Amino acid sequence: MSDMRPEQPAEEDGGLATKLAELEDRWKRALADLENHRKRAARDAERLRSDERARTAAEWLPVVDNLERAIEHAGAEPDVLLDGVRAVRDQALTVLARLGYPRQDDTGRLFDPTRHEAVAAVPDADAPEGTIVQVTRPGYGHGENQLRPAQVVVSKGRQADGSGP
């Protein structure tokens, strides 16, 4: 028995080959466009990171300048030098706040494990249990934008020597 398929005309075969070649060309161009887009996106991301690093470094330059001035005046009276160092510290805190990481003042607040790292617990008759009585290392930022948590000392309430409730 012979093959049941009707034979395709030669010109139809040529049309399919042409169509296949066109599709293959379009596929190769799409792959090249995708690769170019990936490279462009990588360059743009690196440029943005570089720009942000430069902007952040520029924010810190006045702090460095003032520290160098303080070093130059190290022979001055200790009070003058201390005032200068405090001013530079305040300037650095302002830079951190402008960058989105303000210093947190947590003394007297309730301990929150998402914002604080307890380094000690002490009896304190004046503070309810779980209250921060001392900050040993301040935290910066808040919420999702937390640079680091504060290290704190937490009250464990009144001493258990009979003087408590």
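**Figure 1. The side chain of Ser155 meets the backbone of Ala127.** In this predicted model, a polar atom of the Ser155 side chain sits 3.0 Å from the backbone oxygen of Ala127. Ser155 itself belongs to strand β5, which covers residues 150–155.

**Figure 2. The surroundings of Ser155.** Is Ser155 buried or exposed? With a relative accessible area of 2%, Ser155 counts as buried, because the cut-off for that label is under 20%. Setting aside neighbours within four places in sequence, you will find Ser155 in contact with Val122, Asp124, Ala127, Pro128, Glu129, Gly130, Thr131 and Val133.

**Figure 3. The sheet that contains β5.** Here three strands make up an open sheet with mixed pairing, and their order is β1-β5-β2. Its edge strands, each pairing on one side only, are β1 (116–122) and β2 (132–137). On average, and with direction ignored, neighbouring strands in this sheet are turned by 30° against each other.

**Figure 4. A closer look at β1 beside β5.** These two strands run parallel and are joined by six bridges.

**Figure 5. Stepping back to the protein.** Two helices and five strands are present, and from the N terminus on they follow the order α-α-β-β-β-β-β. The protein has 165 residues, and 15% of them count as buried. Its accessible surface is about 12,600 Å², with 55% belonging to carbon and sulfur atoms. Of the contacts between residues at least 6 apart in sequence, 58% link residues at least 24 apart.

Note on methods
Residues are numbered from 1 along each chain as its sequence is written. This is a predicted model: local features need pLDDT of at least 70, side-chain atom pairs count only at pLDDT 80 or more; totals for chains, interfaces and linings use all residues. Side-chain values use heavy atoms; hydrogens and water are left out. Helices (H or I, at least four residues) and strands (E, at least two) are DSSP runs, numbered from the N terminus. Buried means under 20% relative accessible area, exposed over 50%, partly exposed in between (1.4 Å probe, protein chains only). A polar contact is a pair of N or O atoms within 3.5 Å; within protein, one must be able to donate a hydrogen and the other to accept it, and residues adjacent in sequence count only if both atoms are side-chain atoms. Contact means heavy atoms within 4.5 Å. Two strands pair if DSSP finds at least two bridges between them. Axes are lines fitted to C-alpha atoms, for helices over the stretch in contact, and angles run from 0 to 180 degrees between N-to-C directions. Accessible areas come from the Shrake-Rupley method with a 1.4 Å probe; for residues, only the protein chains shown count as cover.
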